[in-house]
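Please keep the sequence and the structure in view while reading.

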Amino acid sequence: ASSQPRRAQAPPPGRLAAWLTPDGVQRLLFGAVALYVLQSVYSADHTKAAENIAFFYVPFALLFLVLRRVRWTRELLLRCLGVAVALAVAFAGVGFVEYARKSLFLNPKVVAANQYDNYFRVNSLFFDPNIYGRFLALVMIAVTTVVLWTSRRRDMLLGGAVLAWLLGGLVTSFSQSSIAALLLGLAVLAACRWDVRATLYAAAGLLALGGALVLLAPASLHFGLKGSGGSTSNFTSGRTKLISGGLELFAERPLQGYGPGSFEREYKRHSGASAENATSASHTIPVTVAAEQGILGLAVYLALLLAAFAVLFRGAGRSPPRIAIAACFAALVLHTWTYADFLEDPFTWALLAIGLALAGAARDARASSF
């Protein structure tokens, strides 16, 4: 018999704890996709549901599986970040050209809206200014992580120049949801880099100051709260009406909803909106999920978020790459709460895949040290 002492094995996780692991998050993620597919059987819009499954969920799920199997070294992460930065810088440059020419390359709806708005929104090579802004915000959060945790002066200066360029691109998109997402991501980075309590105090102070400025601002600034036609609907670009309409749809069918992809058709039927004014989402993902998939879909969605945040943030304080992934995911979730596209965005799947892979590697490293 061997004289070496036997290594103690950790007890198996409990039922709840098993879901708060990288594998648990993956099960919830694919469970959400499976539920979406099953509920599409009774959807009020089978075509839209089929499009989401075929063009988004299935290919992005395969992308997730591939990325999660990759061994994410520091060098590989920096290379991927370099590619993302190069793309963001190029996209912002295209946006600057659009802003200077006052003409867009894509999306006739945005072109038409710019003719009536008091400001000109650019979307670069994206179809939507808000998705363009989301991409820039997430890249800026990742670059800020490098700036905050590096000790090399050259990296700080280069990162600062990139951030200034991308901030200009973000401003020209006039995407309030993207700016809010960026601020949340920066707050997460500040809390991890310095102090959580101080960050909360600073964030509360900035929110109070921003609210006061909006309330006291003259109507000439076009925030939509004052002047003729001033209302919370105008201030939120019609989002409050979409949210209230989505909640009414949820109240009509709270258990099963109207089926995946059905929000546009049912919102149009319920509110009597024209085809031009109908929308494909409530611009608040939880409301969209509730209206389309009912309580069951909403429960799976919330469980996925809670498990993902638990895994991404647990033990990430000493790993800048994990902090960057967690901050980007938090920013993306907030953006989906003020706009749309959660599982329809490849960034969601990529961030979760890389974040779970890094969390799993850190867990295995801790286990092997005992």
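The model is predicted. The protein contains 15 helices and zero strands. Of its 370 residues, 43% count as buried.

**Overall organisation**

- Among the contacts in the protein with a separation of 6 or more, 67% are accounted for by residues 24 or more positions apart.

**Helix 2 against helix 13**

- Helix 2 covers residues 22–39 and helix 13 covers residues 285–313; their axes are 9 Å apart and the packing angle is about 160 degrees.
- Angles over 145 degrees count as roughly antiparallel, and helix 2 and helix 13 are therefore roughly antiparallel to each other.
- The crossing of these two helices is left-handed.
- On the side of helix 2, the contact includes Pro22, Val25, Leu28 and Leu29, while helix 13 contributes residues including Gln293, Leu296, Gly297 and Val300.
- The residues of this contact between helix 2 and helix 13 comprise 14 nonpolar, three polar and no charged.

**Helix 2 against helix 3**

- Helix 3 spans residues 46–68; its axis and that of helix 2 come within 10 Å and cross at roughly 165 degrees.
- This angle makes helix 2 roughly antiparallel to helix 3.
- Helix 2 and helix 3 also form a left-handed crossing.
- Among the residues that make the contact are Asp23, Gln26 and Phe30 of helix 2, together with Asn52, Tyr57 and Arg68 of helix 3.
- The contact of helix 2 with helix 3 divides into 12 nonpolar, two polar and two charged residues.

**Nonpolar cores**

- In soluble globular proteins, nonpolar side chains tend to be buried together.
- The largest nonpolar core has 78 residues, of which Val139, Ile141, Val143, Leu166, Phe329, Phe342 and Trp349 touch the most other members.
- Leaving aside residues up to four places away in sequence, Leu166 touches Ala88, Val89, Ala92, Leu136, Val139 and Met140.
- Another core, of six residues, lies apart from the largest one and has Leu249, Tyr258, Phe263 and Tyr267 among its members.

- Leu305 is part of helix 13 and counts as buried because its relative accessibility is 5%.
- Leu305 touches Phe329, Val333, Trp337 and Phe342, when residues up to four places away in sequence are not counted.
- From Leu305 to Ala330 there are 25 residues in sequence, and the distance in space is 9.6 Å, C-alpha to C-alpha.
- Leu157 belongs to helix 7, which runs over residues 153–173.
- Leu157 counts as exposed because its relative accessibility is 55%.
- Leu157 and Val147 are 10 residues apart along the chain, and their C-alpha atoms are separated by 8.4 Å.

- Most residues other than glycine have a negative phi.
- Lys102, a residue other than glycine, has a positive phi near 55 degrees.
- Lys102 is placed in the loop between helix 4 (74–101) and helix 5 (108–114), and it counts as partly exposed because its relative accessibility is 47%.
- Ser124, a residue other than glycine, has a positive phi near 50 degrees.
- Ser124 is located in the loop between helix 5 and helix 6 (129–149), and its relative accessible area of 0% means that Ser124 is buried.

Technical notes: Residues numbered from 1 in each chain as written. Predicted model: local features only at pLDDT ≥ 70, side-chain atom pairs only at ≥ 80, totals over all residues. Heavy atoms only, no water. Axes fitted to C-alpha atoms, helices over the stretch in contact; angles between N-to-C directions. Helix = DSSP H or I, 4+ residues; strand = E, 2+ residues; numbered from the N terminus. Parallel < 35°, antiparallel > 145°, perpendicular 65-115°, else oblique. Left-handed = near helix turned anticlockwise from the far one by under 90°. Contact = heavy atoms within 4.5 Å. Nonpolar A, V, L, I, M, F, W, Y, C, P; charged D, E, K, R; others polar. Buried < 20%, exposed > 50% of the residue type's maximum accessible area, 1.4 Å probe, protein only. Core = buried A, V, L, I, M, F, W, Y, C linked by side-chain atoms within 4.5 Å.
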